[in-house]
Amino acid sequence: MKVNANVSERLQSLMFEMGRLIRGEMIKHLGPLSLLHAETLRFVGEEKNPTMREVADFLAVSAPTATDIITSLVRDKCLARESDPKDRRKVRLVLTGGGRRSLARLQKGKVRAFARVLAPLSARDRVELTRILGVITRR
């Protein structure tokens, strides 16, 4: 049992350090955006016009926090709010041209960031890491 506890503690430490390394590399490519802003743009781009509630749920933040993030992105002309044609009570979010350009820049930065973080791994190790993380996240 002690061995499992030690392995668990080591994994926890390594996962935290991995997140720190990735965030550190990503910050270099964000420009004026925060990580939450960048993830919001990515989510809106992938989900095709989500609601503000869907963004809040995805980010695991409160509705007021999501509103602040979205308002900032609308002010920066990265997102626009649109009425849902099927239910006017709902507001849908869409990427603007500026949002698409920011997202493309962020995606290029993300590729460079992950390449730098994963550079010590062989191609085989990267495939294995992908497999293991897929098992953990059930994707």
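The side chain of Arg-42 makes a polar contact with the side chain of Glu-46 at 2.8 Å. A polar contact is a pair of N or O atoms within 3.5 Å; within protein, one atom must be able to donate a hydrogen and the other to accept it, and residues adjacent in sequence count only if both atoms are side-chain atoms. The model is predicted, so local features need pLDDT of at least 70 and side-chain atom pairs count only at pLDDT 80 or more, while totals for chains, interfaces and linings use all residues. Residues are numbered from 1 along each chain as its sequence is written, and side-chain values use heavy atoms, with hydrogens and water left out.

Arg-42 is found in helix H2; helices (H or I, at least four residues) and strands (E, at least two) are DSSP runs, numbered from the N terminus. Leaving aside neighbours within four places in sequence, Arg-42 is in contact (heavy atoms within 4.5 Å) with Phe-58, Leu-103, Gln-107 and Lys-110.

Buried means under 20%, exposed over 50%, and partly exposed in between, with a 1.4 Å probe and protein chains only.

| Residue | Relative accessible area and class |
|---|---|
| Arg-42 | 17%, buried |
| Lys-48 | 62%, exposed |
| Asn-49 | 34%, partly exposed |
| Lys-77 | 62%, exposed |

Lys-48 lies in the loop between H2 and H3, and its side chain reaches the backbone oxygen of Gly-45 at 3.0 Å. Asn-49 is placed in the loop between helix H2 (35–47) and helix H3 (52–59). Although not a glycine, Asn-49 has a positive phi of about 70°. Lys-77, in the loop between helix H4 (63–75) and strand E1 (79–83), also is not a glycine and has a positive phi, near 60°. Most residues other than glycine have a negative phi.

A nonpolar core is a set of buried Ala, Val, Leu, Ile, Met, Phe, Trp, Tyr and Cys residues joined through side-chain atoms within 4.5 Å. The largest one has 17 residues, of which Leu-41, Val-44, Val-55, Leu-73, Leu-79, Leu-95 and Leu-106 touch the most other members. Two or more residues come from each of H2, H3, H4, strand E2 (91–95) and helix H5 (97–118). H2 gives the largest share, 4 residues. Beyond its neighbours within four places in sequence, Val-44 is in contact with Asn-49, Pro-50, Val-55, Leu-79, Leu-93, Val-94 and Leu-95. Another core, of 5 residues, lies apart from the largest one and includes Met-26, Ala-113, Val-117 and Leu-118.
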